[in-house]
Amino acid sequence: MSTPSLTAAAAAVLLAGCATAGGMPAGEKAGPNLGRPATSAEIAAWDISVAPDGGGLPAGSGTAVRGAIVYAQQCQACHGEKGAGQPNDRLVGGQGTLASKSPVRTIGSYWPYATTIFDYVRRAMPYPSPRTLSDADVYAVTAYLLFENGIIAEADVMNADTLPRVKMPNRDNFIPMYPATAQ
Amino acid sequence: MSDRSDPARPNAQVTTRGRLDRRIFLKRGAALLGAGGLSMAMGPAARAADAPSPAPAPGAGMSDYGHPARYEESVKRTLIRSQPGTTGSGASRTPLEMLEGALTPGGLHFERHHSGVPDIDPSVHRLLIHGLVRRPLIFTVEALLRYPMVSRIHFLECSGNSAVMYGAAPSTLTCGQIHGLVSGSEWTGVPLRILLEEAGIDPRAPWILAEGADAAAMSRSVPVAKAMDDALVALYQNGERLRPENGYPVRLFLPGYEGNMSVKWLRRIKVAATPTMTKDETSRYTDLQADGKALMFTYPMGVKSVITRPSAGFRMRGPGLSEVSGLAWSGAGAISRVEVSMNGGHSWADAALSAPALPRALTRFRIPWVWSGGPAVLKSRARDETGAIQPERDALITEHGANAIFHYNAIQAWSVSPDGEVKNVYA
């Protein structure tokens with residue numbers, strides 16, 4: 001670890017009165033400035049998140065028909081037949097139970113955004129080998145889970161255009177407690 | 001479990017009955033000194049036959065990394081549970097009842113992982129900052145280690161801590177098994193604000209997304225206001241580099257916020273116009289209310305305390321004077337007061353807070369107690385500098401229902417039976 005360069009940077013900050021330092025653009029606060037610029041290609045490879053407006057969704061598409069096959073091969077061992085759960089989380093059903101003594105929180109009964117299914121399945125599933133499904137298969141499994149929950153039809157095509165427009169049944173039942181989102 | 005509530009002074013000296021007074025030890029300490037207390041403390045037990053000798057021969061040599069005494073091997077993380085078919089999708093808890101003070105040893109800090117502990121070579125790890133910034137930047141760990149750092153003492157609490165207490169019947173678990181998803185550490189790292197400003201963050205951007213390099217690439221949205229306030233890109237914990245299970249080589253640390261947001265193994269920060277609505281901020285860490293609605297973005301951990309000694313599983317050895325000890329903390333600021341009751345909340349006495357009571361940090365409280373030998377119900381009630389007061393369990397459940405899973409911060413009651421058994425009770 002090299003402290004002389006930090007000392008030099010700190011001295012530069014002091015001399016520059018926190019206005020500019022180390023060739024940084026004017027108006028940006030000065031720090032040691034030890035990051036290197038990221039290229040758009042690097043960012044594209046790094047950025048796997050999908051926003052509720054569909055930002056970040058890749059090309060490709062899938063339906064529940066293909067999704068049923070992928071699900072049976074990749075998901076069913078942990079999540080049960082048709083998403084019924086066991087040994088791990090139940091993914092289907094539970095609608096109408098949230099205000100009961102024994103609520104069943106599933107994709108269909110609870111999740112507020114369909115884009116979250118794509119984001120999560122792509123980044124974290126299948127549990128033993130995440131990020132091994134093709135984008136088309138992630139769309140297909142997403143479609144399958146929406147179909148089994150009665151939210152879309154079996155033939156509905158899920159892609160970057162259609163998925164963000166799926167309205168999840170429980171979406172309006174979340175109360176944001178952070179003020180910036182209450183607007 | 002061994003008795004950790006031995007009377008600290010001979011019972012014969014006690015004249016009060018069931019009294020709570022944080023000054024008892026001070027008063028009595030002076031009295032003991034003035035009345036031959038030293039010989040009393042040595043006591044009649046100080047006979048030659050019982051006096052262990054110094055080691056008869058030179059002991060073990062130096063070691064390159066120390067470990068607890070071998071007689072303390074039972075002090076371990078507890079209730080280690082993982083999702084079926086997995087080993088790293090679950091939690092382990094800090095054995096709160098076996099520890100004292102307000103800092104948790106690194107090896108006993110609780111764990112909560114969503115897809116195991118990754119083995120990350122710091123020489124290949126990178127942190128990307130991008131999104132609504134003028135200059136997307138990539139940082140090596142070596143570069144981060146050259147930044148100016150700050151050190152702060154804070155608690156970290158999983159928002160699912162104490163969730164079993166929402167249950168209809170009181171759990172028979174120990175204090176650490178119930179409440180041990182909280183730990184206290186000194187965290188050292190780079191203020192996130194410095195890195196975001198170097199990247200030229202859009203001053204109007206309201207959110208960041210933080211993403212980990214674990215197999216689940218666990219991710220959470222965080223308000224920019226928090227990121228620019230006291231968020232740390234943490235590199236050290238209790239003076240040493242982060243343990244793998246606590247995010248090595250670099251993690252986000254958000255003081256006072258629910259633990260899941262302090263993303264471990266931090267690989268990416270994306271400045272964004274909206275929350276990303278990740279799985280863990282929608283389907284997971286949201287708090288289902290009795291009416292079927294769910295609270296989301298419930299970030300700060302509520303004011304809370306728990307008596308750690310004595311607690312469930314302890315057995316009092318006999319009536320007399322002992323010390324009640326516990327922890328208090330709040331995500332909103334410093335603990336200002338902890339009251340303790342020995343009669344289920346009918347009357348309360350102020351406990352002594354171990355200084356300094358730092359903001360968003362575990363604060364040790366202690367109070368002497370003269371146990372009469374009769375039934376008792378021990379409670380502690382914390383308040384913080386904002387005036388927030390820890391609620392009773394009934395009030396919490398009346399407000400939020402019993403299905404919220406997260407953010408349980410109600411008053412804990414431990415009962416003491418005449419035979420000295422200490423149990424978790426709803427009272």
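At roughly what angle do the axes of helix α3 (residues 64-74) of chain A and helix α6 (residues 135-148) of chain A cross? The first legend gives the answer.

This is a predicted model, in which local features need pLDDT of at least 70 and side-chain atom pairs count only at pLDDT 80 or more, while totals for chains, interfaces and linings use all residues. Residues are numbered from 1 along each chain as its sequence is written, and chains are lettered from A and ligands numbered from 1 in the order in which they are written.

**View 1. Helices α3(A) and α6(A) cross at roughly 100 degrees.** Their axes come within 7 Å; axes are lines fitted to C-alpha atoms, for helices over the stretch in contact, and angles run from 0 to 180 degrees between N-to-C directions. Helices (H or I, at least four residues) and strands (E, at least two) are DSSP runs, numbered from the N terminus. Among the α3(A) residues that meet α6(A) are A:V70 and A:Y71, and the α6(A) side includes A:Y144 and A:F147. Residues are in contact if their C-beta atoms, placed from the backbone, lie within 7 Å.

**View 2. Chain A meets chain B.** The contact draws 50 residues from chain A and 53 residues from chain B. On the chain A side, α5(A) gives the largest share, six residues. That side has 31 nonpolar, eleven polar and eight charged residues. Here Ala, Val, Leu, Ile, Met, Phe, Trp, Tyr, Cys and Pro count as nonpolar, Asp, Glu, Lys and Arg as charged, and the others, Gly among them, as polar.

**View 3. A strand of chain A pairs with a strand of chain B.** Two bridges join β1(A) to β5 (residues 137-140) of chain B in the antiparallel sense; strands pair if DSSP finds at least two bridges between them. A:P37 stands opposite B:L137 in β5(B).

**View 4. Four strands of chain B form an open sheet.** Their order is β16-β17-β21-β20, with antiparallel pairing. The edge strands, β16 (304-309) and β20 (352-353) of chain B, each pair on one side only. Nine bridges connect β17(B) with β21(B), and B:V324 has B:I367 as its bridge partner in β21(B).

**View 5. Domain 1 of chain B touches domain 2 of chain B.** The bounds, from an automatic or database domain assignment, are 111-286 for domain 1 and 304-425 for domain 2. Their C-alpha centres lie 29 Å apart. The contact takes 24 residues from domain 1 and 22 residues from domain 2.

Conventions. Contact = placed C-beta atoms within 7 Å.
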